[in-house]
Amino acid sequence: MNIKKYMKEARLTPDNGDRIEYMSLRDKMASNALVNSQRNIPGVACNYDADITRLIEVFEKLKNDCGYRLTLNALMTKILVEGLKEAPRLNAHFIYNHLATAGKLIIKKHIDVSMAICLDEDKTFQIKIMHLEDKTLKETALLIEDAKRRLEKTDLDDVMFEVSRQRLIGELTHGRILSPVCQTVCANVGKGKVNNLAKSLKSDFLKIIGKKPYYNPEGLRPEELNEGSVCFTNWGTLYDNLNANITYVPPIYPQVFMFGVGRTKDMEHVYKDENGNLQLTTKKILPLSLIFDHKIGGAADIMPFIRKLDEIFENPEIILTW
């Protein structure tokens with residue numbers, strides 16, 4: 001092997017015929033958030049198998065009678081909110097300094113749920129549904145539907161550029177200079193540069209002074225793409241025959257909790273009847289993943305949330321009061 005070929009192998013240079021995909025602005029934002037999460041969050045994952053057999057019966061009846069579009073996704077969002085009311089330390093941001101080994105937990109006043117919403121082209125965007133702590137089930141469902149509608153009318157490149165710029169300014173105000181400089185250079189030069197960024201920069205001054213709106217007023221606002229107080233992810237909506245559960249995804253820094261929902265499964269269940277005889281029945285089981293930042297404490301922090309889940313699934317008629 002000559003030196004030229006040796007250096008090519010060492011750099012893992014693509015071979016002829018390999019297809020290269022460069023990261024979009026959305027990919028860069030998501031990757032940055034996930035890398036920060038992995039670096040900053042010692043996570044713990046707890047799997048919760050929810051018996052929703054009776055809940056589904058109540059839900060289907062309510063869905064047919066309520067007069068608005070009610071989805072299981074909206075119901076699970078409301079269940080998440082009710083659980084967080086019992087466990088407010090999970091509805092928080094944790095700001096941590098590695099050098100000083102010190103930090104602070106900011107328990108949020110409002111419950112702002114970040115959730116992934118799918119577009120027609122199978123792309124997902126993380127959107128913040130805001131101030132859900134005092135919303136009814138109907139209001140929660142309508143807010144989610146409204147977010148989907150406005151997402152379709154949003155110039156995502158323009159809004160994501162504004163969010164990205166805000167985050168760079170935030171880095172600079174904290175005295176971190178190298179990362180913003182590298183991000184700015186990589187976004188403007190090279191094969192992985194962000195398309196149409198120069199056009200956005202031309203009107204940057206007008207955006208700052210507010211002489212004209214830089215986003216569609218009927219679309220999403222930049223703050224709706226920022227991190228919420230908690231993250232909700234629903235893999236179960238992506239594939240009807242999903243046979244996999246979320247085992248671990250780091251919460252999005254600086255959030256401390258992620259609520260993951262899988263796909264409902266029909267599972268056989270053995271029980272004893274009133275005469276002590278073994279009987280076989282089928283139950284609907286919904287796999288849930290409860291993932292939290294261990295820095296906030298131990299398992300005691302998540303127990304109030306789990307007890308609330310138990311209460312809801314054992315007494316599903318409670319959703320009629322929401």
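**Figure 1. Surroundings of S114 in the predicted model.** Beyond four places in sequence, S114 has contacts (heavy atoms within 4.5 Å) with Q126, I127, K128, N226, E227, G228, V230, C231, F232 and Q255. The residue sits in strand 4, residues 113-118. Strands here are DSSP runs of E with at least two residues, helices are runs of H or I with at least four, and both are numbered from the N terminus. S114 is buried, at a relative accessible area of 3%. Buried means under 20% relative accessible area, exposed over 50%, and partly exposed in between, with a 1.4 Å probe and protein chains only. This is a predicted model, in which local features need pLDDT of at least 70 and side-chain atom pairs count only at pLDDT 80 or more, while totals for chains, interfaces and linings use all residues. Residues are numbered from 1 along each chain as its sequence is written, and side-chain values use heavy atoms, with hydrogens and water left out.

**Figure 2. L105 and its contacts.** L105 belongs to strand 3, residues 102-107. Its relative accessible area is 25%, so L105 is partly exposed. Leaving out residues up to four places away in sequence, L105 touches R89, A92, H93, F94, V256 and I296. L105 and V256 are 151 residues apart along the chain, yet their C-alpha atoms are separated by 9.2 Å.

**Figure 3. Packing of helix 4 against helix 5.** Helix 4 (residues 72-86) and helix 5 (residues 137-152) pack at about 120°, with axes 9 Å apart. The helices are therefore oblique: angles under 35 degrees count as roughly parallel, over 145 as roughly antiparallel, 65 to 115 as roughly perpendicular and the rest as oblique. Axes are lines fitted to C-alpha atoms over the stretch in contact, and angles run from 0 to 180 degrees between N-to-C directions. N73, A74, L75, T77 and K78 of helix 4 meet L137, T140, A141 and I144 of helix 5.

Figure 4. The predictor's confidence in each residue, pLDDT, runs from 0 to 100. The chain has a mean pLDDT of 76, and 65% of its residues reach 70 or more. Residues 197-202 stay under 50, and the model gives them 8 contacts beyond four places in sequence. Residues 208-213 are also below 50, with 3 contacts beyond near neighbours in sequence. Where pLDDT is low, the predicted coordinates should not be read in detail.

**Figure 5. The chain as a whole.** The chain has 10 helices and 9 strands. Of its 322 residues, 39% are buried.
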